[in-house]
Amino acid sequence: MSTPIPDRIDAEEPFVQLLTPAGERVTHPDFAYGGDLDDIRGLYRDLVLARRIDTEAFALQRHGELGLWPPSLGQEAAQIGSGRALRPQDFAFPSYREHGVAWCRGIDPVQLLGMFRGSEMSGWDAAEHGYGPPSIVIGAQVLHATGYAMGLQLDGVVGTGDAERDAAVIAYFGDGATSQGDTNEAFDWAAVHHAPVVFFCQNNQYAISAPVARQSRVPIVRRAEGFGFRGLRVDGNDVLACHAVTSAALQVARGGGGPVLVEAVTYRMGAHTTSDDPSRYRDASEVEAWRAKDPLDRVRRHLEAQGTASSFFEGLDTEAEALGTRLREVCRALPEPVLADQFDRVFVETPPDLVAHREEHLAFRASFEEVVA
Amino acid sequence: MSTMTMAAALNAGLRAALESDEHVLIMGEDVGRLGGVFRVTDGLQKDFGESRVMDTPLAESAIVGTAVGLAFRGYRPIVEIQFDGFVYPAYDQIVSQVAKLHHRTAGRTRMPIVIRIPFGGGIGAIEHHSESPEAQFAMTAGLKVLSCSDPHDAYWMVRQAVASDDPVVLMEPKRRYWDAGEVDTDTTTLGLWSSQVRRSGRDVTLVAYGPMVRTCLEAAEAAQEDGRELEVIDLRTLSPLDLGPVVESVRRTGRVVVVHEASRTLGLGAEVAARLGEECFFSLEAPVERVTGYDLPYPPSRAEDDFLPGIDRILDAVDRTMAI
């Protein structure tokens, strides 16, 4: 008892990597990426377009078109790799930075902008896309994912062996969220219920200014064992590894094997949000060191080394440019919200008191129109 | 006397509190190295060290729950909840523990904890960042709830709250953080538990607190151009309420409008109206008017100007009370 448990150093904890920053494929005894070069080109397209959505939205905020934007720069591989591992029948509960996962779930990126412009609430139908609304309250969605997974169990769509039918849930959250009670309660609950949920933690090293060492004494992946399920640690800047590891984790969940924690080790290259100034709490040299591990560069290097024609990359540039242009134009033309529209969205059956509030608001507005007339 | 913003005044008040008693601690998300997302704690960790100004893990329940334990040990924690909408994970600790422990221990244990919460809208923020949950704390027996409305008051309120042996929830109007004003750091005439007449007038009494005090003062200025004299009373303390000055005012004006950003139903305005009915019913010339947020979750920010009470809605309510 007198021997203290040694510190577990984050940097020394191994992770699964299948594509090095230099763009070289490497093998791992337990995980392999199953796709071919065409599939990798598809992932690269997703990465490039996800980055374009993010950089365009960032620019729109700087031009005053959005009130706020949480950049996903640097985290594209974790999001695309895991997002493309999902099947249509799966369901994802995001936090607020998962722009790349939203892309994978078929959500028009324009629909990401309204909430951050302040012109809309969540912009998509969760059931239609298998993708929940952004959760800004940290960790709340991890419990929702667990409950949804219990619903899948009740519906009998777990462990049937039918690949078209078996489903799982993925919960996205960050390193900061692992300190929240909700997250830890979800871990415990899912373990006890053997719920088909993959806890996908993007460890981007910071919760606003707090480094991951402020949240956890051990690498986050090690939390899983104490709760009674498996933890997998993956290079979060390696889209192939993220895809392979998440696919395996989802397959465990779909097959009735219970929850799995995936810790994707990545880095928030930008600010927490456009309101944040990271120069107050981290060194530029740290950011530069991570820039060398960029999730897009390594895939491009690999594709080029494998003989992908330059026309592919040029075509992708054109596609990204067109997407950026469309986002700019549509964002600026988004309709202004009308307060009167909000009253009917609070309840399915609007109570009379709330109808009266709406009438009061409309009468107040109308009083100005009479003056103008 | 010096001129400073409300954020700077709070910072100066916290600094003075840390200097005055080594048992005073500051805890919260990003309060240390970053100085808080609103920079209210800027520079305090640098000057007082990481053991007195602590960056916590991202866990609001734990921030308040560990503050309770520190209070048991004789410390006086000041905790920051980063935004109003993030306080709910800590709600259980606040309501079941902070509010009740003095009573649960038959008065033996003190909970000198200050819970600072930037609250309210008007800054164009996304969801969960513009809420006004003050009534949920004011209705909780065992909590005292304050709201400051200008830099001088902010400076002294935080100092006096820290010195109080009872738990205090300090609702800070985040849209007024950057308002500048004169602060006298040597002395103040105001204690914690009193409301204050901010402007005298004979026609109608406006009752507000926090962010709406400035809005009401602007409404009173506009009304003066129409020859109407509006009295503006800043409640300052939401629990316990100090309605003496309001009752005295209403006995003269006979007309009152209560203004807050929070939704109307069971908001502070309901309590004020009920008490005025009890204490000065026969002085009222018109029903108590309430100008508040509607009973909606906070809307998308580009629609918030229609949600929040503004000068026109306040003056409309003044018109209604004077039409009777």
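1. A:Ile208 sits in the loop that runs between strand 4 (206–207) and strand 5 (210–211) of chain A, where helices (H or I, at least four residues) and strands (E, at least two) are DSSP runs numbered from the N terminus. Its phi is near 45°, a positive value in a residue other than glycine. A:Ile208 counts as buried because it has 20 C-beta neighbours inside 10 Å; by the rule used here, a residue is buried if 20 or more other C-beta atoms lie within 10 Å of its own, exposed if 12 or fewer, and partly exposed in between, with C-beta atoms placed from the backbone.

2. This is a predicted model, in which local features need pLDDT of at least 70 and side-chain atom pairs count only at pLDDT 80 or more, while totals for chains, interfaces and linings use all residues. Residues are numbered from 1 along each chain as its sequence is written, and chains are lettered from A and ligands numbered from 1 in the order in which they are written.

3. A positive phi, of about 55°, is also found at B:Ala106, although B:Ala106 is not a glycine. B:Ala106 belongs to the loop between helix 5 (101–104) and strand 5 (114–119) of chain B, and B:Ala106 counts as exposed because it has 7 C-beta neighbours inside 10 Å. Another backbone feature of chain B is the cis peptide bond from B:Ser239 to B:Pro240, with omega near 0°; B:Pro240 lies in the loop between strand 12 (237–239) and helix 9 (244–253) of chain B.

4. Helix 7 of chain A, residues 181–193, has 13 residues and reaches 18 Å from its first C-alpha to its last, close to the 18 Å expected at 1.5 Å a residue, the expected span being 1.5 Å times one less than the number of residues. Which residues of helix 7 of chain A are buried? They are A:Asp182, A:Thr183, A:Ala186, A:Phe187 and A:Ala190. Seen down the axis of helix 7 of chain A, the buried residues fall within an arc of 145°, so they line one face of the helix; the arc is that of the directions from the helix axis to the C-beta atoms. What covers these buried residues includes helix 6 (140–154), strand 2 (169–174), strand 3 (197–203) and helix 8 (223–227) of chain A. After helix 7 of chain A comes A:His194, whose phi is positive, near 60°.

5. The largest nonpolar core has 183 residues, and those with the most contacts inside it are A:Val169, A:Ala171, A:Val197, A:Val198, A:Val262 and B:Leu206. A nonpolar core is a set of buried Ala, Val, Leu, Ile, Met, Phe, Trp, Tyr and Cys residues joined through C-beta atoms within 7 Å. Leaving aside neighbours within four places in sequence, A:Val197 is in contact with residues including A:Ala145, A:Ala149, A:Val169, A:Ala190 and A:Pro259, two residues being in contact if their C-beta atoms, placed from the backbone, lie within 7 Å. A second, separate core of five residues includes A:Leu339, B:Tyr294, B:Phe307 and B:Leu308.

6. The contact between the chains takes 30 residues from chain B and 37 residues from chain A. On the side of chain B that touches chain A, the elements that give two or more residues are helix 11 (304–307) and helix 12 (311–322) of chain B. By class, this side of chain B has 15 nonpolar, five polar and 10 charged residues; Ala, Val, Leu, Ile, Met, Phe, Trp, Tyr, Cys and Pro count as nonpolar, Asp, Glu, Lys and Arg as charged, and the others, Gly among them, as polar.

7. Chain B is divided into domain 1 (2–183) and domain 2 (196–322), with bounds that come from an automatic or database domain assignment. The C-alpha centres of these two domains of chain B lie 26 Å apart, and their contact takes 24 residues from domain 1 and 22 residues from domain 2. Strand 6 of chain B gives the most to the side of domain 1 that touches domain 2, with four residues. In chain A, the assignment gives domain 1 (10–332) and domain 2 (339–372), and 40 Å separate their centres, taken over C-alpha atoms.

8. A:His302 lies in helix 11 (residues 295–305) of chain A and is buried, with 20 other C-beta atoms within 10 Å. Not counting residues up to four places away in sequence, A:His302 touches A:Leu19, A:Gly23 and A:Arg25.
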